[in-house]
Amino acid sequence: MELKQNRIKRKRGVVLTPKGLKKLQEAIISSEIVENQGDRFTLEKLSQRTNISPRTISRLWSLSKGVDQKTLKLCFNAFDLELQDEYYSFVQDEEENQTEISEFVSENSYTKEQSYWPYPDRPVPLDSPLYIERPPIEEQVYREITQPGCVIRIRSPRQMGKTSLVMRLLAFAQKQEYHALNINCDQLDEQCLTDLNRLLRCFCLQIATQLGIDSNIDDQWDDEIGCKLSCSLYIQNYLLKQSENPIVLVLSEVDRFFEYPQLGREFFALLRSWCDEARQNNHWQKLRLVVVYSTEQYISLDINHSPFNIGLPIRLREFTVQQVEELARRYGIELTNQELKQLISLVGGHPGLLQLALFNLLCGSMTLQELIAEAIANGGIYRYHLWQHWVNLQANPGLIKIYAELVTAQKGINLDPVYAYKLESLGLISFEGDRIVPRCELYRNYFAKQLATST
């Protein structure tokens, strides 16, 4: 099929401006307070109220996909608002042309026109059609990040799509004209994780640098009042005060702090204090905090001094059967119902493992049956991924015996909640009712062999 670009000069859709989205969000929040005791409306509730489909509402929040002007007017009218010109802008011809090309690629060129995709060892790029949305998660985080002083907690095992989601959240924030910052805790030097003062100075310096502000940290830091108060005052009176727009601060890989319990307690208590300050301080309301981690905290944290029990919790779960089928289609791979069941039986709905399988199938290096046979025999294309899990298990001797029992059991078993919690955080198990089972057949077969030879 040959792509014909549309050259007709017309405006097909509109997107909310930051001002329009803010106006709509304020009206929605007011209605939630009056009608829903302050609890957020679900996507389905918003759909019923506005007579707009959930999918269209999600497009509306994205600020990048045009909707019909009448649809936007319906949404505003549902909350007793008048749609004004300053609340929206048209998707112009050039953008429309690019949208049509992108849609053509996403709907058709997963097949033969796209003969090669990059090796799936990194987050899914913003412009890639290989990103599979998991409603209502995207819509939830887009809405939440517009709330003053909000906290979003994104947790899931590795390779489940956390970074890909964060990239889209940061892009959304930038369209809102927010400052979008991302600090990867894995990049912190060891020295910073053994000295709280050095950590907090490094933390403030990174924020100032990403904001493009002269840090001036030596003049602002007062050792006599302590590093935590110095850090808080620096952020409040120096960074937030001179920023007209909200700051979205993403802290990725905060698991790193769990390896340093004392420092972790101090740092997380500080984050929590900022969240509490946002309830009454206008400067702190500019800060929107996103905490991203793979495992739950194994250190003892005071529930009243931790950011892990407040804010919007997001758990990235496995793809559904329909999402797996859609991902295969976007790769240009047609799977029979039987093949789809075999692939899901092997790796479940694990996004990273599915991407790796589909990439290898697209390259033609092996058939699905060969891929499954090799994976069951010796790990196959998943060998490195399995080695990483094996290292994690060996670092937790108490888990090895428990997991050995689990992978050799004919049916699921009951586990001590502490062990179940840790194994789930590592991504090694799933739940079937009140029973616990290995996450997929790949894990069951590989670890049954490994644990049998090591015990």
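What follows is a short tour, topic by topic. Keep in mind that this is a predicted model. Searching the whole structure turns up 16 salt bridges, and a few of them are picked out below.

**Salt bridges inside helices**
- Glu139 pairs up with Arg143, with their closest N and O atoms 3.9 Å apart.
- Both Glu139 and Arg143 sit in helix 6 (residues 137-144), four residues apart, or about one turn of the helix.
- Glu139 counts as buried because its relative accessibility is 5%, and Arg143 is buried too, at 6%.
- Arg272 is buried, with a relative accessible area of 9%, whereas Asp276 is partly exposed at 28%.
- Arg444 and Glu441 make another salt bridge (3.5 Å, N to O).
- Salt bridges with shared partners also tie Glu32, Glu139 and Arg143 into one network.

**Two helices packing**
- Helix 8 (residues 196-211) packs against helix 11 (residues 261-277) at about 45°, with the axes 10 Å apart.
- That angle is why helix 8 counts as oblique to helix 11.
- The crossing of helix 8 and helix 11 is right-handed.

- Ile225, Leu229 and Leu233 make a nonpolar surface patch of about 230 Å².
- Ile225 is in the loop between helix 9 (217-220) and helix 10 (227-240).
- With 37% relative accessibility, Ile225 counts as partly exposed.

Definitions and conventions: Residues numbered from 1 in each chain as written. Predicted model: local features only at pLDDT ≥ 70, side-chain atom pairs only at ≥ 80, totals over all residues. Heavy atoms only, no water. Patch = residues over 30% accessible without salt bridge, like charges linked within 9 Å, V, L, I, M, F, W, Y side chains within 5 Å. Areas by Shrake-Rupley, 256 points an atom, 1.4 Å probe, with all protein chains shown as cover. Salt bridge = Lys/Arg side-chain N within 4 Å of Asp/Glu carboxyl O. Buried < 20%, exposed > 50% of the residue type's maximum accessible area, 1.4 Å probe, protein only. Axes fitted to C-alpha atoms, helices over the stretch in contact; angles between N-to-C directions. Parallel < 35°, antiparallel > 145°, perpendicular 65-115°, else oblique. Left-handed = near helix turned anticlockwise from the far one by under 90°.
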